[in-house]
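Thanks for coming. I will go through one structure today, starting where two chains meet and then moving inside one of them.

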Amino acid sequence: MIELKHVDKIYGKGDGAVHALKDVCVTIRDGKFTAILGKSGSGKSTLMNMIGGLDSPTAGEVWSDGKLLGALNKNQLAAYRNRTTGFVFQSFYLEPTFTVLDNVAMPLIIAGMKRKEREARAVELLEKLGLADKIHKRASELSGGQKQRVSIARALVHGPSVVLADEPTGNLDSQSGREVMELLKRVADEGKAVVLVTHNIADAKYAEDVIFLRDGVAEMRGPIAESENLYGE
Amino acid sequence: MKIADAFRISIHTMRHNAGRTALTALIVAIVSTLVMFLMTLGTAFSQNASNAGRTYFASTGASYFLDAYSGSDDERYRVTPEEYHAFRTIAEKYADVCGDDTVDCYNTLTLFSGDFNSFDRLDENDGWGFRPSALYGKSFSSVASDIRVREGRIWTPEDRDGDAIFFPRRLQRAVEQIGYHLEVGDEVLLLDLERDKIVKTFTVAGILEDTESFTDHYRSAISCFIGSDTLCALVENGYGTLDWISMEFRPPLGNYDYPALFDRMQAFVEEVNAAMRQETFDGSPALGALYDLIIGRSVRFQCGYVTAMQVIDILSGIVIAVFFLLALLVLLLSVGSVANSVVISIDKNKKFFGMMKAVGLDAKGIRALVCIELLLIVLAGVFAGMVLLFLLKPLAYQIISSLFGYLLGSFMTYTATVSVPLWLPAATVAFFLVLTLLFSLGSIRKIAAQDVMATLSEVT
């Protein structure tokens, strides 16, 4: 379980300071699909970065499975990211010159796992995600949807307790987007906590818990009804 | 991350950036060739200077000398009998690096001087002299001579403190001219002309061939030889002075441990000097104080070879230092472009590093990736540099050979050699790495310490 207690995040100083998060108190439950929903600039990516240990709050606390992230140093945070979290980015952040296999196995390479073991794990996952025929292809040779699936495989390969997906469908066509969302739903159904950052209500409807963000202020709520439009548009 | 994986990732990155990698490696190759060439010249000079010294030593040996203060006739500057005894004691301890010693006694003892009908005519120099006892009371022209001590070759232990005297053949011929044939067994008297007395009676123990004796060409004096202890006893009684002690040493035939032998020679010189009185100055006390401050010990006992090799050592050190500074200058001038390449590489790989950080790579891992890539480029460059150096080796040989031919040509036969020290490529790699890392430290530290999101946000 990840808990954010009275988290504030302010970028910059003085008159130019931007208050990205204001007294945010939210809980990410284990094994649940949680969406962080909000318009562009509402602070949702900032919130995800706090949860993933990519960024630190200006005030407040982030707790992950009883660990206070603010008390960890940079190396401990790197280890936290390597063991506990998996990231899926909008722009994939795959290394284009590496093979799909190497990209997926990267968290395991960093963890120092033996080559045979890590490759077996990555291959198994890629087969499960329908990418068996792409294993030895370079990441640059894949379509957007395939890249995002590879990215999801990389986020899952080391068995993290939480997968953080930042606008994973943002660069995909609607068909690929749907496939990716189905995949993330499956991951949640298999018992992992999935945190989806999105501005897309349709994507957020996959989630069991929703954190709605408006101008840095968070509101926790249950699933979004099929016909509901939170933006009121 | 395992080190093998770090290497694999770095090699992959290098292959992906083949053009930039090759260009950087080419710069490293050219610079390392120049650096290693300069250092090869410097070390070859040093090595050949040392080898030439050894060759000279092997063929001619070395000579030691304990001098009275040069240019001074002042009694207080002479070698004292105590100093000579100390020298002898130390020489016995260092017998393995000692030859026969010769003690010279200039301007003091004169054979057959002046008018010997009476003692009333003083010798020009000190007023005492030798003459065969058979000629005592007869008149003849003076024949000047020096007395010297020559140890270890023809003397028995008894001779050192005995009454034996050895005459050189030429002195025998000189005596012939005044009508006396000097032979082994004849008595020779040491006369104190000033005090009208016979100081000591010697027995002619042998006639030395001309090649075995000495002639002081400056005074045209011919030497004869008495035992060292005898001479010292004479000196202690006020007859004559010890002016010069010298010793020729030849290295043993066959193989010998040169460094150990040289160390012993050096130690011998130092120990003898420690037992000698320190040189003093007649003149300015300030100059004397300065001398004490800088030198602070006797330097009267010297071995020409040891001194020369010490000077060669200093010169070699200077030459190597000059070549090292030149090599360092070349490195410093060029390392900027290599460091620039590292900075560009870091910049180009920012997205990759950001991704690696996001999936858990820590600062140490980032630094390792950058350093390994640099190490591989430098290794490739220096390896290529070694190939180029191998091609340039004949040129280095030509330079060193010509230099030593010019320096030693008329003096001795010496064949120069040039070899590349084994440590040189490793040292070049180390210097390249350290300097490049120093030059690009800012960028490496920044990328390693930067937050993940900050790194990723800088990617365009």
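Which side chains of chain A and chain B meet in a salt bridge with 3.9 Å from N to O? They are those of A:Lys74 and B:Asp451. A salt bridge here is a side-chain nitrogen of Lys or Arg within 4 Å of a carboxyl oxygen of Asp or Glu.

Before going on, the ground rules. This is a predicted model, where local features need pLDDT of at least 70, side-chain atom pairs count only at pLDDT 80 or more, and totals for chains, interfaces and linings use all residues. Residues are numbered from 1 along each chain as its sequence is written, chains are lettered from A and ligands numbered from 1 in the order in which they are written, and side-chain values use heavy atoms, with hydrogens and water left out.

Back to the two chains. Between chain A and chain B there are 3 salt bridges. On the chain A side, helices H2 (74-83), H3 (100-111) and H4 (115-128) each supply at least two of the residues that touch chain B; helices are DSSP runs of H or I with at least four residues, strands are runs of E with at least two, and both are numbered from the N terminus. H3(A) gives the most, with 6 residues. Sorted by class, this side of chain A has 11 nonpolar, 6 polar and 8 charged residues. Nonpolar means Ala, Val, Leu, Ile, Met, Phe, Trp, Tyr, Cys and Pro, charged means Asp, Glu, Lys and Arg, and the others, Gly among them, are polar.

In total, 25 residues of chain A are in contact (heavy atoms within 4.5 Å) with 23 residues of chain B.

Now the whole structure. Over all chains, the search finds 16 salt bridges. One of them joins A:Glu208 and A:Lys32, with the closest N and O atoms 3.6 Å apart. A:Glu208 sits in the loop between helix H7 (201-204) and strand S9 (209-214) of chain A, and A:Lys32 in the loop between strands S2 (18-28) and S3 (33-38), so the pair ties together parts 176 residues apart in sequence.
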